[in-house]
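I opened the model today to look at one strand, its neighbours and a residue beside it. My entries follow in the order in which I looked things up.

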Amino acid sequence: MKILTVQEERIKLQIWDTAGQERFRNITPVYFRNSNGIVLVFDVSNIDSFENVTYWLACLENHGTSQKPKALVGNKIDLTKRKVSRKRAEALAVKHNIPYYETSALNNVGIDEVFE
C-alpha cells in the first residue's frame, strides 16, 4: 500500500501484482472491475513479457474496463540485455492511447513518476 497526496487530497493505493501468472488468470477480472486504474508492467529484457501486454489489454477490453485510466511501464531498465526498445514500447502505448514510463525497481528510478 502507498499513500499519495494529489492536489491536497490523500489517496491510498492498493497494488495487486499477479505477475501475469497463469494460475491467477481466473481471478484477475475481479481486480479489473474493482480498480480505479491499471498499471501494466513488462520486463524490457524479456520479449515475451512485452508481448503479453497485448493479451492483458484485450482482457481489459473484454471485461468492460477499457475506459479506466491505464499506464504502460517498462521495468528493469538497469539491465544491459534489453530486448524491447523504448521506441517499440512507446509505439504500443500510443496505439492504445496510454502513457508510457520506464523504471528500474532495483535502482528506484521512475517509480514515483509512475504513481504520481
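I began with strand E4, residues 70–75, and found it mostly covered, since 6 of its 6 residues are buried (buried is under 20% relative accessible area, exposed over 50%, partly exposed in between, with a 1.4 Å probe and protein chains only). Strands (E, at least two residues) and helices (H or I, at least four) are DSSP runs numbered from the N terminus.

I note that this is a predicted model, in which local features need pLDDT of at least 70 and side-chain atom pairs count only at pLDDT 80 or more, while totals for chains, interfaces and linings use all residues. Residues are numbered from 1 along each chain as its sequence is written, and side-chain values use heavy atoms, with hydrogens and water left out.

I checked both faces of E4: Lys-70, Leu-72 and Gly-74 are buried on one side, and Ala-71, Val-73 and Asn-75 are buried on the other.

Next I looked up the pairing (at least two DSSP bridges between two strands). E4 pairs with strand E3, residues 38–43, in the parallel sense over 6 bridges, and Phe-42 stands opposite Gly-74. E4 also runs parallel to strand E5, residues 100–102, with 3 bridges, and Val-73 has Tyr-101 as its bridge partner there.

I then turned to Glu-102, which lies in E5 and is buried, with a relative accessible area of 12%. Not counting residues up to four places away in sequence, Glu-102 touches Gly-74, Ile-77, Arg-82, Arg-86, Val-109 and Gly-110 (contact means heavy atoms within 4.5 Å).
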